[in-house]
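I record below what I looked up, entry by entry.

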Amino acid sequence: MQKPLKILVIMTKKIGDTLICTPLLSAIKKEHSNAEIDFLAKYPASEILERNPDINKIYIINKTPWLKLISEIRKKKYDFIIDLYPTEKTALICALSKCKNRIRGYFLKPKLYHSIYNIQPDYYATNQTYAPNRHIKFLEGILFKEVKTFPKMTLILPPIYTI
């Protein structure tokens, strides 16, 4: 039996940006059914991921002590870290993770810390204008074969309790 692919997806922006990442998670699960996908997000955006069936574990960057967060990520020994919107903090996490495949996603202007990522696909080379599809398409040849169909966003709200 093949060992599961361990993947950490990082998106530490707001709720809408985090929600837009969910088709990527579904696409990874479709292509790599035994993949273990963890997610690093900011609170409160992390709450929209809590019931997502494609995610094994959610790390919350602004609610977890820094050393504990880095220690947990290092122990997991990820095969891939996909930092969809790199910042100085997320680049540092990638650098300290000991992960060999650090993928840099979207960026506005090249920054010095982008050199931490050893896989830097051309985000703009895709013909996808819809951001969720672009997240998937720019990983073609890395995590995906040719992508022809794209999953939809996944938002599973917690049940509402009434008294």
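Entry 1: I worked on a predicted model, in which local features need pLDDT of at least 70 and side-chain atom pairs count only at pLDDT 80 or more, while totals for chains, interfaces and linings use all residues. Residues are numbered from 1 along each chain as its sequence is written, and side-chain values use heavy atoms, with hydrogens and water left out.

I looked up leucine 67 and found it exposed, at a relative accessible area of 70%. For this and later entries, buried means under 20% relative accessible area, exposed over 50% and partly exposed in between, with a 1.4 Å probe and protein chains only. Leucine 67 belongs to helix 3; helices (H or I, at least four residues) and strands (E, at least two) are DSSP runs numbered from the N terminus. Together with Trp66, Leu92 and Leu96, Leu67 makes up a nonpolar patch on the surface, about 370 Å² in accessible area. Helix 3 (66–76) and helix 4 (88–96) are the elements that give two or more residues to the patch. Such a patch takes residues with over 30% relative accessible area and no salt bridge, joining nonpolar side chains (Val, Leu, Ile, Met, Phe, Trp, Tyr) within 5 Å and like charges within 9 Å. Accessible areas come from the Shrake-Rupley method with a 1.4 Å probe, and for residues only the protein chains shown count as cover.

I also checked leucine 112, in the loop between strand 5 (102–104) and helix 5 (131–137). Leucine 112 is exposed, with a relative accessible area of 79%. Its C-alpha atom is 28 Å from that of threonine 22, 90 residues away along the chain.

**Entry 2: helix 2.** Among the buried ones are Thr22, Leu25 and Ser26. The cover includes strand 1 (6–10), helix 1 (15–20), strand 2 (36–41), strand 4 (80–83) and helix 5.

**Entry 3: salt bridges.** How many salt bridges does the structure hold? I count six, a salt bridge being a side-chain nitrogen of Lys or Arg within 4 Å of a carboxyl oxygen of Asp or Glu.

One of them joins aspartate 79 to lysine 3, at 3.7 Å from N to O. Aspartate 79 sits in the loop between helix 3 and strand 4 and lysine 3 in the segment before strand 1, so this pair ties together parts 76 residues apart in sequence. Aspartate 79 is buried at 17%, whereas lysine 3 is exposed at 57%.

Lysine 76 pairs with aspartate 38, their closest N and O atoms being 2.9 Å apart. This pair links helix 3 to strand 2 across 38 residues. Aspartate 38 counts as buried, at 0% relative accessibility. Glu36, Asp38 and Lys76 are linked in a network of salt bridges.

Entry 4: I then examined aspartate 54, in the loop between strand 2 and strand 3 (57–60). Aspartate 54 is buried yet has no salt bridge, the nearest side chain of opposite charge being lysine 29, 5.9 Å away. Lys and Arg count as positive here and Asp and Glu as negative, with His and the chain ends not counted.

Which side chain does aspartate 54 meet in a polar contact? I found serine 26, at 2.9 Å. A polar contact is a pair of N or O atoms within 3.5 Å; within protein, one must be able to donate a hydrogen and the other to accept it, and residues adjacent in sequence count only if both atoms are side-chain atoms. Leaving aside neighbours within four places in sequence, aspartate 54 is in contact (heavy atoms within 4.5 Å) with Leu25, Ser26, Lys29 and Ile37.
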